[in-house]
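Work through the exercises below with the sequence and the model at hand. Each task is followed by its solution.

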Amino acid sequence: MTCALDLNVIYIIFMLLIKSTYILPSFQILSIIYNCIEIMKNMDEMKKTKISFNIVPITNEPLNASVELFKEVESVLKYRNFRTNLLHTGLSFMVVSETGEIMGAILSSIMSKEDYLIQQYGDENFEPSSRFDDIEVLLNKVRRDIDLFGHYPNIDIHRIMELKIISVNEAYRGQGVCKALVKKSKELALELEYQMMYVECSSYFTAKAMERFGFQCIYSLSFSDYVDKRGKVVFDVEQPPHECIKVQLLLL
């Protein structure tokens with residue numbers, strides 16, 4: 001999926017085990033681990049952080065908003081499964097304030113060369129049955145267009161950390177929350193000996209932030225240029241300054 005900084009605070013679904021891993025003067029970064037058994041044994045620890053047990057849709061991400069993703073039941077279910085699956089990777093973090101409020105979160109996954117090629121060469125004739133599928137079809141096209149592993153033929157790349165969702169609470173923007181999340185993710189990627197970090201940015205603000213963090217833009221596709229088989233624009237994004245989807249990466 002795509003990332004966006006211009007989001008409401010991300011609320012993590014139930015069954016999370018939280019462990020403190022990184023502390024800054026005004027907040028701490030917590031590792032998010034999906035574990036339904038351990039969570040029952042750590043209820044006291046859970047109470048220390050204010051976590052909603054409901055999934056709150058990220059409605060103002062440009063692609064989600066343009067197709068009104070969360071007004072369609074099938075898409076809501078697919079999006080819920082998508083976010084839930086990300087929690088299995090053990091690569092996600094959230095920032096919590098001194099008072100226990102969630103300030104932001106980053107959900108990431110592992111991308112192997114095999115996984116990328118499967119998505120890159122997915123069925124181009126696939127007919128989407130939901131608005132969620134429309135977004136997936138766009139992202140598969142993006143991957144076919146850039147040919148990531150062919151783009152770096154002289155670099156032995158096996159595993160990549162893909163930043164899937166980045167969300168910062170509006171009340172805490174401009175305080176280094178996103179920077180801290182990306183920095184912590186980079187530290188983990190280096191520890192796990194990943195060769196690259198990769199992000200697909202549908203938000204103008206996400207793309208600008210990634211550039212500040214040293215990511216390089218290798219691809220851009222205007223929303224107005226992406227049309228379906230009938231020549232109709234699929235994502236009529238009416239939220240300036242969001243005009244295109246960009247692929248940004250950082251070699252480690």
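**Confidence**

The chain has a mean pLDDT (the predictor's confidence in each residue, from 0 to 100) of 77, and 76% of its residues reach 70 or more. Below 50 lie residues 4-21, a stretch with 97 contacts (heavy atoms within 4.5 Å) beyond near neighbours in sequence. Residues 34-57 are also below 50, with 45 such contacts in the model.

This is a predicted model, in which local features need pLDDT of at least 70, side-chain atom pairs count only at pLDDT 80 or more, and totals for chains, interfaces and linings use all residues. Residues are numbered from 1 along each chain as its sequence is written, and side-chain values use heavy atoms, with hydrogens and water left out.

**Exercise 1.** Describe the backbone and setting of Glu68.

Step 1. Most residues other than glycine have a negative phi.
Step 2. Glu68, not a glycine, has a positive phi of about 50°.
Step 3. Glu68 sits in the loop between helix 3 (62-66) and helix 4 (73-86); helices (H or I, at least four residues) and strands (E, at least two) are DSSP runs, numbered from the N terminus.
Step 4. With a relative accessible area of 41%, Glu68 is partly exposed; buried means under 20%, exposed over 50%, partly exposed in between (1.4 Å probe, protein chains only).

**Exercise 2.** Do likewise for Glu193.

Step 1. The phi of Glu193 is positive, about 65°, although Glu193 is not a glycine.
Step 2. Its loop runs between helix 8 (177-191) and strand 6 (196-201).
Step 3. Glu193 is exposed because its relative accessibility is 63%.

**Exercise 3.** State which residues of helix 4 are buried.

Solution. Ser75, Tyr79, Phe82, Arg83, Thr84 and Leu86 are buried in helix 4.
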